[in-house]
Amino acid sequence: MKRMVVLLAEDDPLILLTLETFFTKEGYEVITAANGREALRLFETNAPDVIITDMMMPFYSGLEIIARIKGGFIKQPIIIVLSALGQENSVKEAFELGVDDYVTKPFSLVELSLRLKRLINMHATHHYSLKIKEGA
Amino acid sequence: MISDQACLISQKSLGALGTLLVLVAFFQAAGQTAHSNSPKGDRYIRHVVQPHQTYDLIARVYGVTGRNLAAFNNLEYHKDEVLAKYLTIPVKRSNNTVAEKRSNDVEQKVKGKLETSVVFKNRIRRTANDYFPVSLENELISPSGRRPIQTSLPVASRRDTIGFTPLISRNASTVSPASISTVKQVFLQHKQIGTVPPSHPITVRSVAVPSPTNNHTSSVISTTYKVTTKAKLSSSGNRRSKPKTRVEKVYMLVRTQIIITLSLVALIFSCMVTRNRRAIRTAKSEQFLRSMLIDNVTSHPVFLDDPSRQFHVSELWKKQLKKRTTRTFIIDEIITGRKNIKGKIGENFLKLYVGLKLDEESFSKLKSKQWNQVAQGIQELALMEQHHRMSDIFREINSKNEYVRAEAQSALVYLSGFRGLWFLKVLSHPISEWQQMRLINMLSSFPVSNIPDLHILLSSSNQSLVIFTLKLISAFQQRGMHNEVIRCLGTKNELVNFHAINCLKEIYNASTAKTLAERFPFESRRNKFAIVKVVGEIGDESQIDFLLRVLALSDNAFKMCAATALTGMGNKGSYLLEKYCNSKGDPYSQIFRHIKSAV
């Protein structure tokens with residue numbers, strides 16, 4: 001079975017490494033980006049199934065990445081935003097752009113993993129129902 | 001990322017190298033031009049004419065005839081004293097470079113000294129094929145220091161030279177009298193030919209001579225005679241330096257510039273390379289440490305299986321933690337992890353911090369003499385929740401340094417919440433506005449409870465502490481402190497009264513507005529405005545009369561404030577305001593229109 005590809009975009013190397021180690025152990029294929037520009041480049045070349053991105057990053061912020069992905073690509077991945085900004089405005093802006101989930105720092109890795117699994121299941125169900133409709 | 005950095009730095013290095021090459025090419029070209037123009041290779045020996053010297057005398061010294069010498073200098077030959085200052089000897093200087101060099105050395109030694117030594121140097125040249133005649137080349141500085149003498153003194157025979165050389169020891173302290181007398185003889189010869197004035201007294205101080213080899217195979221044997229003179233140099237300006245042509249000066253300047261530029265470029269380049277290498281090495285080291293850290297936190301058996309087991313520091317960790325910079329880096333990373341990640345992994349960061357005994361490292365910073373170290377240590381202990389270090393942190397509450405005090409206060413609040421505020425009772429320094437906001441912000445994350453001993457703090461002589469207490473009462477609505485706050489209104493301190501009035505807005509009861517209205521005549525202008533605003537917000541219809549009285553004051557600002565307060569008191573307030581304004585005409589009607597448009 002093909003492993004799901006997760007793109008992690010985070011400017012803090014420790015958090016990035018922690019996420020990478022954790023999700024690799026969880027069975028995902030992980031690719032990492034230390035800034036927004038690298039994240040976009042990796043998205044174009046690897047077409048990941050999931051993007052977990054920080055909000056504040058060099059070159060492009062998390063919201064800019066989401067806006068570009070949502071506006072310019074056919075394949076739409078699951079997007080989870082990690083942010084220290086827990087303000088209502090930030091959360092609202094992110095959801096308006098089309099993120100699937102918003103997790104504030106400090107976050108629990110286990111909780112993040114559970115949220116991701118739930119989103120993957122939801123997407124799978126959604127795609128399955130679409131196929132059935134197309135078949136009918 | 002590292003490769004990006006390396007690439008960037010190497011690009012910079014190449015750029016610098018290119019600049020270097022351009023500079024080198026330019027200066028080489030300049031140097032070559034200067035060098036090719038230099039006539040140094042074609043220069044003849046220049047003789048400085050001494051008093052009483054004739055053409056024959058000078059010519060004999062250089063092994064030429066007097067007539068030839070005069071003709072070479074475009075002068076008429078005669079047997080009297082030569083009047084010219086300098087004579088060019090028809091002997092190429094390239095054959096006499098050693099003598100020239102010696103002359104420069106002598107000039108250096110003479111420079112700037114009032115009482116100096118005349119260095120008298122002999123150089124005996126011997127070759128295997130051409131052993132005779134042995135020539136003795138001397139370079140002398142005249143006692144007056146005015147005219148450097150460069151001449152060659154022929155020695156009569158091999159026996160004379162060989163005869164005195166072995167008598168002279170290398171060690172100046174063991175010079176035999178015979179050798180000294182020989183040196184004196186040589187000087188006397190000079191006096192005879194006029195290179196040293198006859199009246200000049202000469203005494204030998206020391207002689208330092210490398211002993212010649214017995215088989216005479218060495219090509220050059222250097223002998224130095226150091227002779228003290230009593231002559232004094234009037235000033236260094238009297239010494240006549242060797243004249244240099246313009247081309248020579250340019251050549252020297254360009255050569256110096258090339259050397260300096262190349263040295264600077266080389267220095268910059270080496271610094272860049274060193275910095276680049278260091279950055280790459282540091283990045284690799286940090287990456288390795290981070291991996292170690294994450295491996296421990298996510299998959300160490302102690303953290304995964306049995307939390308009660310003791311964490312043993314491995315040899316690898318011990319090796320890494322020997323360096324202070326590494327310890328600091330690990331502490332910073334652990335704090336980052338602890339701040340951003342919660343749950344089990346977050347707890348593991350904390351366990352690793354204690355397991356690696358980094359809490360001791362943080363604690364040791366508290367003993368530092370540098371305030372920033374102390375502040376950092378406090379912050380680390382607080383963020384890593386080292387509750388057992390609270391007493392040590394508490395000692396810094398009244399530190400001389402305001403940043404250390406602020407960190408200690410924040411740490412206590414971070415660790416204990418509202419209970420941590422007990423430091424306020426012993427605080428002897430003022431709390432800054434920023435620190436007050438910071439503490440209140442930190443406290444807002446804790447569940448609100450009754451803050452103890454607030455009444456004691458309100459009676460403190462520390463004004464900033466009283467104001468902070470009033471802010472605490474206001475922010476966390478400590479309604480039980482209402483009467484104590486009312487008592488604060490009686491103080492003479494305007495600022496305390498101002499904060500008390502604003503505090504009452506948050507913890508008011510039925511009597512508050514009336515009390516504030518009664519205080520109105522006794523307060524300052526600023527506090528009067530505050531009272532009117534607060535009464536407008538918390539008052540009921542019973543305070544309308546008070547506000548109408550304020551509206552009647554002559555000060556238009558008070559009129560505006562009271563009118564605004566009246567509109568905040570419901571329909572009755574607005575109705576009475578309109579009625580009052582219409583009955584009084586301007587400026588009340590204007591005020592009313594203004595407030596109505598704003599509403």
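How many salt bridges are there between chain B and chain A? The count is zero. Please keep in mind that this is a predicted model.

1. Chain A brings 14 residues to it and chain B brings 17. About 1,400 Å² is buried between the two chains, and carbon and sulfur atoms give 71% of that area. On the chain B side, B:Ile294, B:Asn340 and B:Lys342 lose the most area to chain A, together 38% of what that side buries.

2. Although salt bridges number zero here, three residue pairs are in polar contact between chain B and chain A, both residues at pLDDT 80 or more. On chain B, α7 (246–299), α10 (324–340), β8 (341–342) and α11 (343–355) each supply at least two residues of the side that touches chain A. Of these, α7(B) gives the most, with seven residues.

3. Now turn to strand β3 of chain A, residues 50–54. Five of its five residues are buried, so the strand is largely enclosed by the rest of the structure. A:Val50, A:Ile52 and A:Asp54 point one way from β3(A), while A:Ile51 and A:Thr53 point the other way.

4. Which strands pair with β3(A)? One is β1(A), residues 5–9, in the parallel sense over four bridges; here A:Val6 has A:Val50 as its bridge partner. Another is β4(A), residues 78–83, also parallel, over five bridges, where A:Ile51 stands opposite A:Ile79.

5. Finally, follow the chain from β3(A) through helix α3(A), residues 62–72, to β4(A): together they make a right-handed β-α-β unit.

Conventions
Residues numbered from 1 in each chain as written. Chains lettered and ligands numbered in written order. Predicted model: local features only at pLDDT ≥ 70, side-chain atom pairs only at ≥ 80, totals over all residues. Heavy atoms only, no water. Buried < 20%, exposed > 50% of the residue type's maximum accessible area, 1.4 Å probe, protein only. Pairing = 2+ DSSP bridges. Right-handed = clockwise from strand over helix to strand, strands pointing away. Contact = heavy atoms within 4.5 Å. Buried area = accessible area lost by both parts, 1.4 Å probe. Salt bridge = Lys/Arg side-chain N within 4 Å of Asp/Glu carboxyl O. Polar contact = N/O pair within 3.5 Å; in protein donor to acceptor, adjacent residues only side chain to side chain.
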